[in-house]
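Here are a few notes to read alongside the model. Take the points one at a time, and find each place in the structure as you go.

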There are 2 protein chains.
Amino acid sequence: MAVTDHVHGTTQSPAAANDGVSKDIPCDDVINLDNGDPTMYESFWKKMGDKCTVVIKGYESLSYFSNPKNPCWFLEPKLEESIKILHGAVGNAVTDGYTIVVGTGSSHLLNAMPYALASNPQPNHQINVVSAPPYYSAYPEITDMVKSRLYKWAGNAHEFDKDEPYIELVTSPNNPNGAIQRSMVNRDGGILVYDLAYYWPQYTPITSSLEFDIMLFTASKCTGHAGSRIGWALVKDKEVAKKMIKFMEVTTIGVSKESQLRVAKILQVVADGCKHFRSPKGDNFFETGQSMMKKRWNILRETVEKHQMFSIQNYPLQHCNYTGDVTQAHPAFAWMKCKEGIEDCEKLFRDHKILARSGKKFGSDPGFVRVSMVGREEEFNLFIDRLSKIQSFNNGDGNLD
Amino acid sequence: MAVTDHVHGTTQSPAAANDGVSKDIPCDDVINLDNGDPTMYESFWKKMGDKCTVVIKGYESLSYFSNPKNPCWFLEPKLEESIKILHGAVGNAVTDGYTIVVGTGSSHLLNAMPYALASNPQPNHQINVVSAPPYYSAYPEITDMVKSRLYKWAGNAHEFDKDEPYIELVTSPNNPNGAIQRSMVNRDGGILVYDLAYYWPQYTPITSSLEFDIMLFTASKCTGHAGSRIGWALVKDKEVAKKMIKFMEVTTIGVSKESQLRVAKILQVVADGCKHFRSPKGDNFFETGQSMMKKRWNILRETVEKHQMFSIQNYPLQHCNYTGDVTQAHPAFAWMKCKEGIEDCEKLFRDHKILARSGKKFGSDPGFVRVSMVGREEEFNLFIDRLSKIQSFNNGDGNLD
C-alpha cells in the first residue's frame, strides 16, 4: 500500500465527499470510498478531549527556519523527537543512524525520491522507476507528471529485465491489497524505497523493526490526520537525504510549521498511550484502531461470504511484536474481486452509488476494485447495506453489467 | 521581487540563522541577510495579543477535503473568504471572476505554473520560461530542477527573440530591486505570470487594483508568516486553474489545513485593522509595517550617503490609493551596488560577517548584492554597524578585496 491515498483522478459528486460538517449521509447519496480519507479516527480523537489541542499565537513560527543546526532546517525539533519516540514505542522502524526528512505528506517525499536518487544522467538515460502490481495508483503519475529527463515510470517490477539502474517502490503492507511485500526485481543496480504508510499495528502485525535504507511514513494513515499533510522519510545515506531536502526547498521552501507542531503533539500522545494495553481509559490509539478495523473486516467478511459474488484477501496469522498477540492483518483497503463474468467491478459499484477505485489504476485487472475501510461509520454501514443489495439483486437477476 | 525568498543555496553558519529562541546575536556572529526571513513582523504580532491565536482540537481537520464543492477541493473556505476580503480592503488585486488556488507557499504555485501552462508538447518543443534580470534567484532552479521535457529556463526576457511560445515571470515590485515591472518580451505567444508577493502597502504604493490573468501572492511577505507556507494564486482561466490544482494533488495532495486556518484568521485580523489609519490602538498592520520599513530605509540611506562606497536604488514618489498619501517604495530588500573596483560585493560583505546574496544569482552583476530589510531589529542594527565599519575601513585603507 502507499504512503497516502490520492484523492485526485476521482470523478466526485459533491454530495459524496466528506465536507466535515454534514456527516449524516442521505441514504440515496453516492458514498465515496475511492480515496482512503481516514475519518474513521475522528471518534477516537474526540474522546481524547483537550489532550491534543494545539494553541498557536499570532507571533509564533514566523520564520522559515525550524532548526538551522539540522541539515533538514525546516524540520521542527519536536516533530523529530516525537517520530523517534513513536517508532521506538511501536518497534516498527529503527531511527538511530537515520536522517529524518519531513514533507508535505509522504506524496511530497515520493515526488522527491526519483530526483534524489537519479545521478546526473546522459540524455536518454533516465533512471527507471518500477513497482510490482497491484501498485499504488499514484506512482506512475507522480513519476511522469512533468516528463523529467532524469527518471521515468517503467511499470511492472516483475517484468523489469533491463540492465539499467532502477528505483523499486515497495509498498508494505501493500496498497491496494494489504500484502507484506519485498523487492521483486532483486538484482544489483537497484535502489529500494519502502513506502511503509500502513506499517502500524491497527492494520498489520508488527513482525520486526525495519531498517531499510529509505523508509517513508505519513501521519495521514498512522493517526488519521490527513489534512495536516505531514509525511516523513527515514534515510540512511546522508547525501540522498540532502538531495531530498534540496527538493523540498525548491518546491515548497519547507513544510508547514503549524502542521508539524500539531502532529508532533499527536504522535507524542499516541506514543504515551500506546504503552498500556486494555486500559479502561481507552487511550491506546493502536488498540482502539485495531479493534475498529477488526470489527469492520469481520462485517465485510460475513457479508461477502453469504454469496459467492465477491472474494476478498485472506491474511496469515502472525505474531505481532507490539501487541504480543497472534493476529491477522486488517488493511485500510479491501481489495475485492468480482466473480467471473463481471468485467468492470468499479462500474458495478458505481451503479450502486459506491465510488471505489478500479483495479486498472493499480496496474491490475478491472475485475478488482479497491474500497476504503477507514471512512466514517455511517459510510461504512451504507457500503455494507449496498453491497448486500448488489449481491441479493445479482442472485435474483444475474445480469448486472 | 519574488513570491518568496528562497533560503536554499545558502552556505549558512548555524549561528547565523534565526533559531527562534536566542534572539540576542553575539556581536561577532555572522548575520544572515541572504534570505528574506520576515521576522521583523514578530513585534507587531506580539502586540496583537490573543486576537490571532488559533486553537485546533485533536479531532478537527482529519479529512483530506476542505471543500469538495470547490474545484480546489483542498482550499479552506475561511481562507478563500479572508483572501477576498483582504484584497478588497487593500485594493491591490481584483478577485471577482478569479479562481483561487492555494499552495504550500507561492513557491509551490511557481513550480506548478510551467506544468499548468505547457500544452502537450512535441519532443524538443519545451515552452520557454523567461524573466528580466535582475530576476528572483529561484526561478532558474524551479524551472530546471527535474529537467522537464515540457518546459525549460530560457533566461533573460530582454534577449528572448525566438518565435516560440513562452512564459514570462514578471515580479512586481521586483525581487531583488523593488522596481515596478511590466512584460519585457511584449509580443504575442506569451503567457504572463505576475508574482506579486511584495505588492502590499508596507513595501510600495498601491497604484491600482490589478487584474492580470495569473497573479501570485504569499502570506510570507504579506504578514510575515513564512513558516506557515501559504501562497495563493488568482487565476482567470478555469482550465489553467484546474491544471494547477492537479499539480498540487500529485505533488502534495493539497495544503496543510492548520496553516490555512491560521492564515485565514491572520488575514481577517489584518483586513479588519487596516481600515483605520493612525488609530491609537496601532492595529493597522500595513501602517505599522510601512513605518518600520521607512525607518530602516532612512537609516540605510543615511549610512550609505556618508561615503560614496555603495549606492542604493531611488524610488519615485507615487500616490498610494490605499493610504491616500504620496510616498515612495520601501522594499523588503536593498539592492546595493559597490563602487567601481569592488568586483565581488557578496564576498566583501561575507568578510565582514554579513551574509547577503550576490547579484550573480539574479542574472546580474557580482558588483551588486541583495540584503534583506525584514529581519529582526538586532540583525538590522548589526548590519548598519558593520556597513559603517566597511565604509570607514575602506576610506582609511582602500584595499578591501
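1. Start with the sheet in chain B: four strands form an open sheet in the order 10-13-16-15, with antiparallel pairing. Its edge strands are strand 10 (310-311) and strand 15 (357-358) of chain B, each pairing on one side only. Strands here are DSSP runs of E with at least two residues, helices are runs of H or I with at least four, and both are numbered from the N terminus. Two strands count as paired if DSSP finds at least two bridges between them. In general, the strands of a sheet pair through backbone hydrogen bonds, either parallel or antiparallel.

2. A word on the source: this is a predicted model, in which local features need pLDDT of at least 70 and side-chain atom pairs count only at pLDDT 80 or more, while totals for chains, interfaces and linings use all residues. Residues are numbered from 1 along each chain as its sequence is written, chains are lettered from A and ligands numbered from 1 in the order in which they are written, and side-chain values use heavy atoms, leaving out hydrogens and water.

3. Now look inside that sheet. Strand 13 (residues 333-338) and strand 16 (residues 368-372) of chain B pair in the antiparallel sense over five bridges. What is the bridge partner of Lys337(B) in strand 16 of chain B? That partner is Phe368(B).

4. Two cis peptide bonds deserve a look. One runs from Ser172(A) to Pro173(A), with omega near -5 degrees; Pro173(A) sits in the loop between strand 6 (166-171) and strand 7 (190-195) of chain A. Another runs from Pro133(B) to Pro134(B), also with omega near -5 degrees. Pro134(B) belongs to the loop between strand 4 (127-131) and helix 4 (139-144) of chain B.

5. Next, check two backbone angles. Ser61(A), which is not a glycine, has a positive phi near 60 degrees, and its place is the loop between strand 2 (54-56) and helix 2 (77-90) of chain A. Ile253(B) is not a glycine either, yet its phi is positive, at about 45 degrees. You will find Ile253(B) in the loop between helix 6 (238-252) and helix 7 (257-273) of chain B.

6. Is Ile253(B) buried or exposed? Ile253(B) counts as buried because its relative accessibility is 1%, where buried means under 20% relative accessible area, exposed over 50% and partly exposed in between (1.4 Å probe, protein chains only).

7. Finally, Arg149(A) lies in the loop between helix 4 (139-144) and strand 5 (151-156) of chain A. With a relative accessible area of 38%, Arg149(A) is partly exposed.
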